[in-house]
Amino acid sequence: MSIALIPIETVLEQAGCRDLVPSFSFADTASPLIRLLRLQCGGRLNADDRQGPQTADDSHYGLCKDALRVARETEADVLLTPEYSFPLELIGEMAADPRLQPPPGKLWCLACQGEERSRFLDRLGGWGERARVFRPAGNVVWRDFVCALVYAFMGSDGHTLCIAPQLKLHASGDPELYCEGDALSRGSAVYTFGSERANRLCSIICADAFHPDMNAGLLFNEGAGDWIVLHPQLNKRPRHSYMVRLRDAIFSRTEGRRTVYVTANWAESTEVRLPQSSLEIAAPWSCVYMKHSGEWLSSLRTARNDSMPKGLGFAYWDEAKVKVWYAHKREHLQLVAIEKPNPATVEANAVPAGAKALRVYVPDEQRREWREADLPFDDRLPDPLTAAATGSFDFPLRASIEKRDRFFGLCLGHGEDGQLRFAADGGGREISMRLGLHIDDDCEPLRNEDADRVGKLIDCLRAESERLPGQLRHLEGRFRFRLADDYPHFNLFPDEGEERDGVWVAYARTEHKAQEMAVQLCRRVGKDYEHQVCVFSTKTGSHETVAYPVRSVEYTSPAKVRTSVEFTDGGNRAWNR
């Protein structure tokens with residue numbers, strides 16, 4: 001069944017109430033920013049092919065209700081919840097209580113719990129007694145249960161609550177969520193908001209990204225960007241190639257330069273129980289994506305540091321030139337300021353990073369309401385590296401996250417920017433290379449691998465001074481890890497003496513990569529400092545440790561360039577544990 005974008009203006013006009021269409025604050029240009037309040041809830045759900053997934057935690061209803069309070073108090077332009085999260089009973093309570101309704105100009109995007117088809121239709125009728133309800137547009141294939149994203153907004157008259165459900169288009173391909181299969185009712189319409197304004201918004205629900213008609217051309221058939229695309233999910237594999245495919249297509253097009261893409265998933269440890277299996281989420285990966293042109297490492301430094309304590313981290317998708325702001329994996333409610341795709345104002349650089357975490361909330365001890373708090377990322381290093389980084393090598397244990405990024409980037413040869421980029425060979429898409437903090441379980445294998453390389457680098461440096469490469473002999477075994485602003489390429493410095501006598505030490509996966517890395521690092525430091533570069537690795541076909549570029553062990557002053565000789569003596573099997 002083919003799908004179509006249908007403006008909400010058209011839906012209201014066909015219902016005879018075109019004059020109820022409000023002016024949405026996310027769509028206009030009075031402010032260059034969208035205040036997005038995104039829920040990343042957690043807990044247990046029960047699911048079957050009669051009613052779909054529904055929450056099994058008594059506290060969940062109260063937290064969703066309190067999220068409406070926070071949305072009103074923070075004047076959020078958009079409220080977004082994950083797939084199958086929002087209680088349908090609460091929408092009925094919202095219709096009856098003005099204190100739970102969205103303020104004028106605000107849009108609440110409430111991805112609701114599953115519901116048996118007949119009960120869902122009965123609910124629409126019940127809501128219609130107190131609100132203006134618009135039944136799902138387009139062709140609908142009604143089956144056993146419904147997965148709906150309910151849009152709630154105040155009509156232009158300031159007192160008519162409007163409710164417009166959008167049905168899921170495509171069943172999940174996840175074998176653990178087999179209940180959707182043939183039991184899921186399927187819609188054919190994607191509502192759009194702000195169609196006649198500077199910025200437009202639409203939503204797709206999880207596996208809708210798999211629908212054969214869901215492609216970038218559907219959004220950009222008029223040649224214009226300026227889209228805010230919301231993608232709520234209940235998803236064990238948010239980095240799956242099919243999920244990434246739509247983002248790839250959007251940001252590979254010219255129009256993608258003026259598109260913001262937002263995902264919202266359930267928190268870690270969320271469990272979905274089905275009669276014959278279960279599904280558990282370990283890596284939520286709720287993100288905000290947007291294009292970025294020009295230099296980003298230094299220009300976004302302040303924004304990265306400001307957002308990190310509020311549970312919003314940063315990665316750079318180099319291939320697509322896209323900034324990715326990812327949320328903490330724990331359960332939380334996060335208010336994020338996002339630059340509009342088309343700010344159309346002189347204040348367009350109010351958030352030069354494109355996104356900034358303003359506030360974050362976590363459940364209180366009784367799980368009755370949200371309380372504002374910091375939500376720092378887990379900065380514990382992998383245990384083997386923590387055990388190795390002692391004495392003169394304990395710098396990464398004491399360093400801030402920002403300094404860790406710089407330090408580990410030197411140790412691994414790809415620089416601070418390399419720590420913030422997605423891995424080119426991470427075994428999957430959108431895998432962060434950041435060693436200084438834990439993001440989620442999907443990133444841990446690569447993180448542990450890089451931690452092992454830094455541990456091997458420490459082992460190499462613990463060798464007796466006379467067995468060290470020529471680049472290090474002048475330090476006579478008295479050195480330590482640290483950083484220095486005047487010599488930003490060095491990460492190993494003498495205990496006493498001049499900082500200019502420091503060395504850039506790194507460890508590569510293979511001897512061939514060590515040779516390549518040594519050439520690259522020498523180019524980066526320039527001719528005057530190329531003798532102060534040392535890249536360790538394991539000699540091909542053996543356990544012997546080698547170092548590049550090859551330098552003589554003879555020297556008369558620390559700054560003198562040595563005559564090149566082969567350095568393979570002094571190999572120590574212990575360096576490669």
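**Starting from a glycine**

Tutor: Happy to! Gly-128 is partly exposed, with a relative accessible area of 40%. Keep in mind that this is a predicted model.

Student: Where is Gly-128 found?

Tutor: Gly-128 sits in the loop between α4 (117-127) and β8 (132-133).

Student: And how far apart are Gly-128 and Gly-92 in space?

Tutor: Their C-alpha atoms are 9.5 Å apart, while in sequence the two glycines are 36 residues apart.

Student: New topic: holes inside the protein. How many cavities of 30 Å³ or more does a search of the whole structure find?

Tutor: The search turns up two cavities of that size. The largest cavity holds about 40 Å³ of space, and the second largest cavity also has a volume of about 40 Å³.

Student: Which residues line the largest cavity?

Tutor: Among them are Pro-136, Ala-137, Val-140, Gln-166, Ser-188 and Tyr-191. β11 gives the most, with three residues.

Student: How does the lining of the largest cavity divide by class?

Tutor: That lining has seven nonpolar and three polar residues, and no charged ones.

Student: OK, and what about the lining of the second largest cavity? How does it divide?

Tutor: There you find eight nonpolar residues, with no polar and no charged ones. The residues are Ile-34, Leu-36, Val-78, Ile-228, Leu-230, Val-260, Val-262 and Ile-338.

Student: Which strands supply at least two residues of that lining?

Tutor: β2 (33-40), β14 (227-232) and β15 (259-264) each do that.

Student: Let's stay with β15. Which sense does the pairing of β15 and β18 have?

Tutor: β15 and β18 pair in the antiparallel sense, over three bridges. One place to look is Tyr-261, which stands opposite Tyr-289 in β18.

Student: What about β18 and β20, how many bridges there?

Tutor: β18 and β20 (residues 322-327) are paired over five bridges, again in the antiparallel sense. Here Cys-287 stands opposite Tyr-326 in β20.

Student: Why is β18 described as largely enclosed by the rest of the structure?

Tutor: Because four of its five residues, in the run 287-291, are buried.

Student: Is Cys-522 buried or exposed?

Tutor: Cys-522 is buried, with a relative accessible area of 11%. Cys-179 is buried as well, at 2%.

Student: Last one, a helix. How many residues does α12 have?

Tutor: α12 has 18 residues, numbered 444-461. From its first C-alpha to its last, the helix reaches 26 Å, close to the 26 Å expected at 1.5 Å a residue.

Student: Is α12 mostly covered or mostly open?

Tutor: Mostly covered, as 14 of its 18 residues are buried.

Methods:
Residues numbered from 1 in each chain as written. Predicted model: local features only at pLDDT ≥ 70, side-chain atom pairs only at ≥ 80, totals over all residues. Heavy atoms only, no water. 1 Å grid on protein atoms, 1.4 Å probe; cavity = no way out; pocket = protein on both sides within 12 Å on 5 of 7 lines; lining within 4 Å. Points joined across faces, edges and corners; volume = space filled by probe spheres on them. Nonpolar A, V, L, I, M, F, W, Y, C, P; charged D, E, K, R; others polar. Buried < 20%, exposed > 50% of the residue type's maximum accessible area, 1.4 Å probe, protein only. Expected span 1.5 Å × (residues − 1). Pairing = 2+ DSSP bridges.
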